[in-house]
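Subject: Structure handover

Hello,

Here is the structure to look through. My notes follow below it.

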Amino acid sequence: MSVQPVPPTFVGRKQWEAEAWKLVRKVFERHGWKIAPLGMDRSLILPEAEELVMTAFNPPTVVMLVCVPDAIAVHEPTRQSWLVELKSTNRETFSLRARDFAALLMWDALLTVTHLPTGVVYACRVENLPPPKAVVLPQRDYPLSLWDEGGLAVLEHQFPEVAVRTGITVVAGSKAPFAVWELESLERLEAYLR
C-alpha cells in the first residue's frame, strides 16, 4: 500500500498561510500587540460528540465549533483584544466560505487578508464587511450540508442586495457556497491596531 501525497492545492494553501502568518504577526508586533495561534480545530471535538455536531438543527451556531478563528491578539496597554482569522490571496479579491463567514460573524472576529504579491495586510471586522462582489453556489451533484445551508442563509440575510449566482463550475475546493470580496474594500490592518 503506497502513501498518497497531499494534494498540491493544500500544500500550496499551507505555504500561503505560513507566509501570511509571518506578515500578520509582524504588523501586530510592530504596533505593540502580542499575537499567538489558537491551535483549535475540528480534531479537538470528541468522537462521541461528532455525530451530534454533524446533525445539529442549528448549524450556524454549531459551526462555531469547527470554524474557529486562527489566532488571538492582545494589546495590554489599551486592554484590547481580537480573535483573528487569517486569509491570503494572490489576487485583487478574496473569498470566504459561507459557513466560515457565519461562524466568524458569531465569533466577532477580525478578518485579515494578506495580499502575498505586495505583502500588504488588509483587515475588517467580519460584521463590518461590505457587500461582496458575488455570492456563489457552485454546481454540485449532492445537496448542501446543514452547515452550508445555514451559512448561505446567513450570507443572504446579511447581504440581501447581492444575488446568489448558481450553477457555476468550480474546479478546486469543497464546492461549498462562498462569497468574493474586492481587497480594495478593506482598510490596512494598521487601522485596527491604534
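In what order do the six strands of the open sheet stand? The order is β1-β2-β3-β5-β6-β10, and the pairing is mixed.

A word on the source before the rest. This is a predicted model, in which local features need pLDDT of at least 70, side-chain atom pairs count only at pLDDT 80 or more, and totals for chains, interfaces and linings use all residues. Residues are numbered from 1 along each chain as its sequence is written, and side-chain values use heavy atoms, with hydrogens and water left out.

**Overall**

The protein chain has five helices and ten strands. Both are DSSP runs numbered from the N terminus: helices are H or I with at least four residues, strands are E with at least two. Of the 194 residues, 42% are buried (under 20% relative accessible area; exposed is over 50%, partly exposed in between, with a 1.4 Å probe and protein chains only). Take the contacts (heavy atoms within 4.5 Å) with a separation of 6 or more: residues 24 or more positions apart account for 76% of them.

Two strands pair if DSSP finds at least two bridges between them. β1 (34-37) and β10 (187-188) stand at the edges of this sheet. Each has a single partner strand, so one side of each is left without a neighbour in the sheet.

Next, the pairs inside it. β2 (residues 71-75) and β3 (residues 80-89) are antiparallel, with five bridges. Val-74 sits opposite Ser-81 in β3. β5 (residues 110-115) runs antiparallel to β6, joined by six bridges. Here Leu-110 faces Arg-125 of β6. β5 and β6 form a hairpin with four residues between them. In its turn, Gly-119 has a positive phi of about 80°.

β6 (residues 120-125) is mostly covered, with five of its six residues buried. β6 also pairs with β10, antiparallel, over two bridges. Ala-123 is opposite Glu-187 in β10.

**The four-stranded sheet**

Four strands form another open sheet, in the order β4-β9-β7-β8, again with mixed pairing. β4 (93-97) and β8 (164-168) are at the edges. Each has a single partner strand, so one side of each lacks a neighbour in the sheet. On average, neighbouring strands here are turned by 30° against each other, direction ignored. β7 (residues 134-138) and β8 run parallel, joined by four bridges. Val-136 has Arg-165 as its bridge partner in β8.

**Helix packing**

α4 lies across β4 and β9 (178-182), at about 80° to β4. Axes are lines fitted to C-alpha atoms, for helices over the stretch in contact, and angles run from 0 to 180 degrees between N-to-C directions.

How do α4 and α5 pack, and at what angle? α4 (residues 98-107) and α5 (residues 146-158) pack at about 70°, with their axes 7 Å apart. That makes α4 roughly perpendicular to α5 (65 to 115 degrees; under 35 is roughly parallel, over 145 roughly antiparallel, the rest oblique). The crossing is left-handed: the near helix is turned anticlockwise from the far one by less than a right angle, whereas clockwise is right-handed.

Residues in the contact include Phe-101 and Leu-105 of α4 and Trp-147 and Leu-152 of α5. By class, the contact has eight nonpolar, two polar and two charged residues. Nonpolar covers Ala, Val, Leu, Ile, Met, Phe, Trp, Tyr, Cys and Pro; charged covers Asp, Glu, Lys and Arg; the others, Gly among them, are polar.

Best wishes
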